[in-house]
Amino acid sequence: MKLKKIIWLLFFCGITLNAQSQYNCLKNLEDAKALSKKVVESFMDSKISKSFEEMKYYWPLPENEIDDLQEKTTKYLNILEDRMMGKPIGYEKTKEETLGDFAIRETYIIKYPISAIRLKFVYYKNEKGWILNSFKWDDTFSEEFN
């Protein structure tokens, strides 16, 4: 009986480790920056699913969590566009911050007729290359004045 439990435990651990390692690395920092720009441009074109598909490849987050974030993002951006802001009219990269040679955070602002949203990308360099460590968007672009 104990052997059966150990086998199941090893099987479960193998599946968990495999699921956690289902991401790829970007070769260099230029590729990471290109990914950010591609995601921002997809946001501009209201192609949210395309944005998340691009990020999913390099983001070591469980796929179901990324899909949930995509669904919520689509919902809230539709509400913002319909009720308040209209369609995007442009974007700008406003910040690029680094921590040594192992982390970078890029901040973009997508402009709308009466407001804007902020997109933040954090990349981390591990032994294999650069991964998307986190992605966040919000409508609190005024914090960028600090």
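The model is predicted. The protein has four helices and four strands. From the N terminus on, the elements run α-α-α-α-β-β-β-β. The mean pLDDT is 85.

**Fold and surface**

- Of the 146 residues of the protein, 34% count as buried.
- The protein exposes about 9,500 Å². Carbon and sulfur atoms supply 55% of that area.
- Take the contacts between residues at least 6 apart in sequence: 50% of them join residues at least 24 apart.

**Confidence**

- A pLDDT of 70 or more is reached by 85% of the residues.
- Confidence is highest in strand 2, at a mean of 97. It is lowest in helix 1 (residues 2-20), at a mean of 41.
- The pLDDT is below 50 over residues 1-21. Beyond near neighbours in sequence, this stretch has two contacts in the model.

**Nonpolar core**

- The largest nonpolar core has 28 residues.
- The residues with the most contacts inside this core are Phe43, Ile117, Leu119, Phe121, Tyr123 and Phe135.
- Two or more residues each come from helix 2, helix 3, helix 4, strand 2, strand 3 and strand 4.
- In soluble globular proteins, nonpolar side chains tend to be buried together.
- Isoleucine 117 has contacts beyond four places away in sequence. Among them are Phe43, Leu77, Leu80 and Met85. Others on the list include Tyr108, Ile109, Ile110 and Trp137. Isoleucine 117 also touches Asp138 and Asp139.

- In helix 4, the buried residues are Ile66, Gln70, Thr73, Leu77, Leu80, Glu81 and Met85. They pack against helix 2, helix 3, strand 3 and strand 4.
- Glycine 86 follows helix 4. Its phi is positive, near 80°.

**Aromatic pairs**

- The count comes to eight aromatic pairs.
- Phenylalanine 102 and tyrosine 124 form an edge-to-face pair, because their ring planes stand at 75°. The ring centres are 6.3 Å apart.
- Phenylalanine 102 lies in the loop between strand 1 (90-99) and strand 2 (103-111). Tyrosine 124 lies in strand 3 (residues 116-125), so the pair ties together parts that are 22 residues apart in sequence.
- Phenylalanine 102 counts as partly exposed, at 38% relative accessibility. Tyrosine 124 also counts as partly exposed, at 37%.
- Phenylalanine 121 and phenylalanine 135 have ring centres 5.1 Å apart. Their planes are at 45°, so this pair is tilted.
- This second pair links distant parts of the chain. Phenylalanine 121 is in strand 3 and phenylalanine 135 in strand 4 (residues 130-138), 14 residues apart.
- Phenylalanine 121 and phenylalanine 135 are both buried.
- One aromatic cluster is formed by Phe43, Phe52, Trp59, Tyr91, Tyr108, Phe121 and Phe135.

**Threonine 107**

- Threonine 107 lies in strand 2.
- Its relative accessible area is 1%, so threonine 107 counts as buried.
- Beyond four places away in sequence, threonine 107 touches Glu92, Lys93, Thr94, Lys95, Arg118, Leu119, Lys120 and Glu144.

**Serine 46**

- Serine 46 lies in the loop between helix 2 and helix 3.
- Its phi is near 60°, a positive value in a residue other than glycine.
- Most residues other than glycine have a negative phi.
- At 38% relative accessibility, serine 46 counts as partly exposed.

Technical notes. Residues are numbered from 1 along each chain as its sequence is written. Side-chain values use heavy atoms; hydrogens and water are left out. Rings of Phe, Tyr and Trp (its six-membered ring) pair if their centres lie within 6.5 Å; planes under 30 degrees apart count as stacked, over 60 as edge-to-face and the rest as tilted. Buried means under 20% relative accessible area, exposed over 50%, partly exposed in between (1.4 Å probe, protein chains only). A nonpolar core is a set of buried Ala, Val, Leu, Ile, Met, Phe, Trp, Tyr and Cys residues joined through side-chain atoms within 4.5 Å. Contact means heavy atoms within 4.5 Å. Accessible areas come from the Shrake-Rupley method with a 1.4 Å probe; for residues, only the protein chains shown count as cover. pLDDT is the predictor's confidence in each residue, from 0 to 100.
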